[in-house]
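Student: Could you take me on a close look at the place where the ligand sits? I'd like to know what is around it and how it is held there.

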Amino acid sequence: MKWIKAESYEEMSKIAAEIFKEELQVNREMVLGLATGGTPEGFYKELVNAYKAGEISFADAKSFNLDEYIGISPENEASYHYYMDQQLFNHINMKDENIHVPTGDTSDLAKAAADYDAMIEAAGNVDIQLLGIGVNGHIGFNEPGTPFSLGTNVVELTESTREANKIYFDSLDEVPTHAITMGIQTIMNAKKVVLLISGASKQEAYNRLRSGEITEDFPASALHKHKDVIVIYTDVK
Ligand code: F6R
């Protein structure tokens, strides 16, 4: 695990975007693994700017997002699909058929989960997976206690996660209780992982990851077993 300290949120976003840009410049068919949330917003701005400046093209690239809420349609403004359209997809030239976000509004979630892993595998696996981290150490929506061996699956969100995400909804009651997420194993199959950690609320998660302990109680710790992980952090001590 390689650790890079950024002096600011902007610098963290730029360093992460640079890693993705360099890959895309040598591998036009890059498979991007993408995350939502507050942390990567600056990263997406950097990617959009690089696209607009003609530095990169997504014409032959594919993307797979980590997760989506259950019971929310892609048009719902609180959905991760909607977030991704706003942050990235509406502004770049990735083809619609190459954009993948797990399906959370289907009656057959088990099939949706299995199909998602099959699609990632058929695409040759994710080249670089972007991750944020939850205050409880979750990656994707893999909450503490999740077996590291799981592929894409349906999970119940913890209260701390629902609480952290209620800013995107009118009230806590409206935050979905379940989500579909790439499993830890799916994430570990990525060739490279870039994890962003930003802000005082992530201090404890940062400390725990830094300790090197590997335990299913702290999902991000699985990444210690991955051979190519870059953690870019800022505003944590
Ligand atoms: C998002 C995701 C989550 C977030 C994490 C941190 O797709 O899978 O693991 O990365 O909850 O969220 P923020 O960045 O909002 O603090």
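Tutor: Happy to! In this predicted model, the ligand is surrounded by 13 residues. The closest of them are Thr-39, Asp-67, His-138, Gly-140 and Lys-202. If you sort the whole shell by class, you get eight polar residues, three nonpolar ones and two charged ones.

Now zoom in on the oxygen atoms of the ligand. One oxygen atom lies 2.5 Å from an N or O atom in the side chain of Asp-67. For the side chain of Lys-202, the distance from a ligand oxygen to an N or O atom is 2.6 Å. The side chain of Thr-36 also takes part, with an N or O atom 2.8 Å from an oxygen of the ligand. As for how covered the ligand is, it would expose 410 Å² if taken alone, and the protein buries 89% of that area. Its site is the largest pocket.

While you have the structure open, let's turn to contacts within the protein itself. Side chains of opposite charge can pair when their charged atoms come close. This structure holds 10 salt bridges, and one of them joins Lys-21 to Glu-55. Their closest N and O atoms are 3.0 Å apart.

Technical notes:
Residues are numbered from 1 along each chain as its sequence is written. This is a predicted model: local features need pLDDT of at least 70, side-chain atom pairs count only at pLDDT 80 or more; totals for chains, interfaces and linings use all residues. Side-chain values use heavy atoms; hydrogens and water are left out. A residue is near a molecule or strand if one of its heavy atoms lies within 4 Å of it. A polar contact is a pair of N or O atoms within 3.5 Å; within protein, one must be able to donate a hydrogen and the other to accept it, and residues adjacent in sequence count only if both atoms are side-chain atoms. Accessible areas come from the Shrake-Rupley method with a 1.4 Å probe; for residues, only the protein chains shown count as cover. On a 1 Å grid over the protein atoms alone, a cavity is a set of points where a 1.4 Å probe fits but cannot get out, and a pocket is an open set with protein on both sides within 12 Å along at least five of seven lines; lining residues have an atom within 4 Å of a point. A molecule sits in a cavity or pocket if more than half of its atoms lie within 2 Å of its grid points. Ala, Val, Leu, Ile, Met, Phe, Trp, Tyr, Cys and Pro count as nonpolar, Asp, Glu, Lys and Arg as charged, and the others, Gly among them, as polar. A salt bridge is a side-chain nitrogen of Lys or Arg within 4 Å of a carboxyl oxygen of Asp or Glu.
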